[in-house]
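Let's walk through a protein together, one question at a time. Keep the sequence and the 3D view open as you read.

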Amino acid sequence: MTDGTDASPLSFYDEVGGHETFVRLVDAFYRGVADDEVLRPMYPEQDLTGAKHRLEMFLEQYWGGPTTYGQERGHPRLRMRHAPFHVNPEARDRWLLHMRAAVDELGLPPLHEATLWDYLLRAAHAMVNTFEPTGIGPSAGGRAASSLPLTPQQPD
Ligand code: HEM
């Protein structure tokens, strides 16, 4: 896209600055996660590099960038992939807190920022799989989500 005569529209991925922007977003987000006493223990790997790579590839693909995520991981099935983790409202809110700080660091134009944030907010709400408080153990989330709930389940 140089002179405006190309008929293909610019993807959101391109509009916000492409790969570099997603690297900055995910780096800033994981800086927050690294110091979070609820979220950090959920991440199975000692080093967050793999998790960072997966989230970055996913977001790039979602917004119209390279499809590396699909090549490496197949269908996202994000709800299913989060089932082993205890994603309760507290975890969601902490996730969103670090993501909000990361989005702010990008300094995007307001419309782009709103588009990105709206998606992240909805996706985070959809990822909640338990209303049990934190501290039950790493595998409780998956089981609690599929067994009889002790508290009323709310729709995503
Ligand atoms: C709501 C709170 C959330 C929590 C506590 C959470 C936690 C986690 C954890 C512990 C992992 C495993 C890390 C790894 O890949 O090694 C993970 C993976 C992942 N998460 Fe989340 N997550 C949340 C929300 C989200 C949202 C909203 C998105 C998308 C917008 C997302 C996208 C991903 C992706 C793409 C992966 C890697 C999936 C794969 O294995 O290919 N997560 N998440």
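This is a predicted model: local features need pLDDT of at least 70, side-chain atom pairs count only at pLDDT 80 or more; totals for chains, interfaces and linings use all residues.

Q: How many helices and how many strands does the protein have?
A: Follow the chain from the N terminus, and the elements read α-α-α-α-α-α-α-α. The count is therefore zero strands and, for helices, eight.

Q: In the contacts with a separation of 6 or more, what share comes from residues 24 or more positions apart?
A: Here we look at pairs of residues in contact and ask how far apart they sit along the chain. Among the contacts with a separation of 6 or more, residues 24 or more positions apart account for 73%.

Q: Where do the buried residues of helix 2 lie around its axis?
A: The buried residues of helix 2 are Thr21, Phe22, Leu25, Val26, Phe29, Tyr30 and Val33. They cover an arc of only 155° around the axis, so they lie on the same side of helix 2. An α-helix has 3.6 residues a turn, so residues three or four places apart point the same way. The place asked for is one side of helix 2.

Q: Which exposed residues are on the face of helix 2 turned away from its buried side?
A: The buried side of helix 2 has a cover that includes helix 3 and helix 6. Now turn to the face that points away from that buried side. The exposed residues there are Glu20 and Ala34.

Q: How far apart are the end C-alpha atoms of helix 6?
A: Helix 6 has 18 residues, and at 1.5 Å a residue they should span 26 Å. The model agrees with this expectation, because the end C-alpha atoms are separated by 26 Å.

Q: Which helices do the buried residues of helix 6 pack against?
A: The buried residues of helix 6 are Ala91, Trp95, Met99, Ala102 and Val103. They cover an arc of only 100° around the axis, which puts them on the same side of helix 6. Facing away from that side are the exposed residues Asp93 and Asp104. The buried residues pack against helix 2 and helix 7.

Q: Leaving aside neighbours within four places in sequence, which residues is Met99 in contact with?
A: Met99 is one of the buried residues of helix 6. With its neighbours within four places in sequence set aside, the contacts of Met99 are Phe29 and Leu120.

Q: Which helix gives the most to the shell around the ligand?
A: Of the 23 residues around the ligand, Ala51, Arg54, Phe58, Trp95 and Ala123 come nearest. By class, the shell has 16 nonpolar, two polar and five charged residues. Helix 3, helix 5, helix 6 and helix 7 each supply at least two residues of it. With five residues, the one that gives the most is helix 3.

Q: Which residues in helix 3 are buried?
A: Helix 3 has 14 residues and reaches 20 Å between its first and last C-alpha atoms. What covers its buried residues includes helix 1, helix 2 and helix 4. The buried residues in helix 3 are Glu56, Met57, Phe58, Leu59 and Glu60.

Q: Is Arg77 buried or exposed?
A: Arg77 is in the loop between helix 4 and helix 5. Most residues other than glycine have a negative phi. Arg77 has a positive phi of about 40° although it is not a glycine. Because Arg77 has 10 C-beta neighbours inside 10 Å, it counts as exposed.

Conventions: Residues are numbered from 1 along each chain as its sequence is written. A residue is near a molecule or strand if its C-beta atom, placed from the backbone, lies within 6 Å of it. Helices (H or I, at least four residues) and strands (E, at least two) are DSSP runs, numbered from the N terminus. Ala, Val, Leu, Ile, Met, Phe, Trp, Tyr, Cys and Pro count as nonpolar, Asp, Glu, Lys and Arg as charged, and the others, Gly among them, as polar. The expected span of a helix is 1.5 Å times one less than its number of residues. A residue is buried if 20 or more other C-beta atoms lie within 10 Å of its own, exposed if 12 or fewer, and partly exposed in between; C-beta atoms are placed from the backbone. Two residues are in contact if their C-beta atoms, placed from the backbone, lie within 7 Å. The arc is that of the directions from the helix axis to the C-beta atoms.
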